[in-house]
Amino acid sequence: MRHPSGRAPRARRSASLVATAAALLALTTACGQEKGDQSPNGQNVGNEAPAKGDGYGAGDGYGADSGAADDGAGAKAKPAGQLAVWDSKKLGKVVTDSAGFTLYRFDKDTAQPPKSNCDAACLKLWPAAPAEGAKAAPGVDGSLLGEVTGVDGTKQLTIDGWPMYRYAKDTKPGDAKGQGVGGVWHAAAPDGKKAAPAVAGTAPTESAPDGAAPADPAGLSTRKDPKLGEIVVDKNGMTVYRFTKDSAWPIKSNCVGACAEKWPAVAPVDKADTKGIDKKGYMTYDRPDGGKQQTIDCWPLYTFAGDKKPGDTNGQGVGGTWYAASPDGKAVGAPR
């Protein structure tokens, strides 16, 4: 007589294993698998450390190298004073303190209600801008200024609810080395929004029908480059890149620390806010430095600090590892 618990439990276990394997295969198939780009050890996302000696340094979770200097001019808790506006060709209108140092906002903070999530270790690299004595930049509504109690108990300046910070590596007025660090730090506009340049070829003052505001460009779209063909651009018209040292399965960015300063991660963009982009493997990735990054075909996306205006492709081919991204996530022009 066959034992009642014999074959059936084994059959159920086999079915479960088959289902799990099928789900894993389906997800793997959904992601890009270009030859030579895979992670060599198949670890889970975020477990693989960058190779030693790669010149990038290990991230510390806040988008700066461990041991970064915290005694620069930007690190001192001087009063923000009379705020000013710096009109940057690359970043657009940027708010600065009275000494001309760029003020930043942190994606992990909230504005409604105002809350700083930059802890003590974070504040060594991103000192809070004190609220005391701060005055709105000329032409900016003073009611946008406020304050919030930071994690260290100090009163921190807010603009439209967003806590403001300086960056320890900004050592002189006009520096904006914190822009895009870790994909979560951004120079602040005078109204508290993320600073962004006007898109070339647009007329901001032009009225749409019935007085409606002109439509914003898609968060990610494409343009026809005369040399590279169809490539991806962000909402500011800046070229989007792929890094051949990354992997798509598991999704893994190997650009951290100093690398992430030169190659800022593209922040998540809703699928509905895209035009001409392949939706296969279109998902976000939790970076090892704590930020979130958009992917196409599961490949992490970046912009390049060396691109100064929309249409620039100065990052193409850099180091033999950086290439403009195609609408389906391939690295345009990369050797096979």
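Biologist: Before we start, "buried" means under 20% relative accessible area, "exposed" over 50%, and "partly exposed" in between, with a 1.4 Å probe and protein chains only. Are C255 and C259 buried or exposed?

Modeller: This is a predicted model, where local features need pLDDT of at least 70, side-chain atom pairs count only at pLDDT 80 or more, and totals for chains, interfaces and linings use all residues. Residues are numbered from 1 along each chain as its sequence is written, and side-chain values use heavy atoms, with hydrogens and water left out. As for C255 and C259, both are buried.

Biologist: What is the S to S distance in the disulfide that joins C255 to C259?

Modeller: A disulfide here is a pair of cysteine sulfur atoms within 2.5 Å. The link of C255 and C259 is left-handed, with -105° about the S-S bond. Its S to S distance is 2.0 Å.

Biologist: Which residue does a disulfide join to C118?

Modeller: The structure holds two disulfides. The one at C118 is left-handed, with -100° about the S-S bond, and C118 is buried, as is its partner. With S to S at 1.9 Å, that partner is C122.

Biologist: Among contacts between residues at least 6 apart in sequence, what share joins residues at least 24 apart?

Modeller: A contact means heavy atoms within 4.5 Å. For those contacts in the protein, the share joining residues at least 24 apart is 68%.
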